[in-house]
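Here is a brief report for a first look at this structure. Start with the view below, then read on.

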Amino acid sequence: MKQLPEDAINVLVIDDETGIREGSARILSKMGVQVFTADRGEAGLTVLSKTAVSIVLLDLKMPGMDGIEVLQHIMAMNKEILVIVITGFATVETAIEAMKKGAYDFIPKPFDPDQLRLVVNRALEKVHLTREARALEVERRRTLTDLATEKSRIHTIIESLPNGLVVTNTSGQVVLVNPSFISLLGLPPNTTAGKNINDYIKDEELCNLILSISKGRHIDFEDIPTYEFRVGDDKFLLARGRPILGESRECLGAVVNFVEITAIKVLDRLKSEFVAKVSHELRSTLSTIHEPLALVIG
């Protein structure tokens, strides 16, 4: 079966009575649908094999292939086609049988235009709802695909960051760590998220700061201090934390960035040692100069 065009609803009338076919076509065409007709079941199935049809009005009593047989063929072709059976000389029991075999609704002969419009309008509403549901499902799948792609991209970025990164929820439980964090803290390579922050960081004061940020006590970024701490004997890190805020500025947790500052600390120590040495040398030199001057002046 062909895919239905987005803005078209096709209706097929299968009835051996010319008056029913032509009268139905006139009424339905004024309802904004494209109408096709067939005077036999076989001819109707031929139309269905070539045209995307949403609704079929099907007479149950026709020469040759009867309506029940045509209905079975239609359901085998496409169960989404809404078949409205037309029952006149047939009994109500036959219409019920057709409903059990997949018919959507029925209309008894003879019927007036208002009856036809009422039944077909119900079917049209169902077609529109089905299309809307399908469009929403396509959009949902596209959104999920985009979300998965975005998550993969973000994950790749986080994994590649040279700085350590840890994310906690409002309870201080770690929900994300990257490889740089594991390396900087000297943790086992197979370390994963899921534990409390103090299972990863042994500095109690830093853990308290991260927990405080996680609980939303530092919504204003400006009042969050950076924190320097030592890992082992010869490694220094700088931690900078920020709250993760939702759409209503509610705190969802904390994200903490870790940077190694060992080189800076070494340079700072060397600078201090250099300044201290120069100061000492200058004081010694000045003392040497000062003593003779004191004697001359004195």
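The report covers the sheet, then the salt bridges.

## Basis

This is a predicted model: local features need pLDDT of at least 70, side-chain atom pairs count only at pLDDT 80 or more, and totals for chains, interfaces and linings use all residues. Residues are numbered from 1 along each chain as its sequence is written, and side-chain values use heavy atoms, leaving out hydrogens and water.

## The sheet

Five strands make an open, parallel sheet in the order 2-1-3-4-5. Strands (E, at least two residues) and helices (H or I, at least four) are DSSP runs, numbered from the N terminus. Two strands pair if DSSP finds at least two bridges between them. Strand 2 (34-38) and strand 5 (105-108) stand at the edges; each has a single partner strand, so one side of each lacks a neighbour in the sheet.

Strand 4 (residues 82-87) pairs with strand 5 over four bridges, in the parallel sense. Val85 stands opposite Phe106 in strand 5.

## Salt bridges

The structure holds six salt bridges. The term means a side-chain nitrogen of Lys or Arg within 4 Å of a carboxyl oxygen of Asp or Glu.

Glu17 bridges to Lys109, with the closest N and O atoms 2.9 Å apart. This pair links distant parts of the chain, 92 residues apart. Asp15, Glu17, Asp59 and Lys109 are linked in a network of salt bridges.

Glu80 forms a salt bridge with Arg134, the closest N and O atoms being 2.5 Å apart. Glu80 lies in the loop between helix 3 (67-77) and strand 4, and Arg134 in helix 5, so the pair ties together parts 54 residues apart in sequence.
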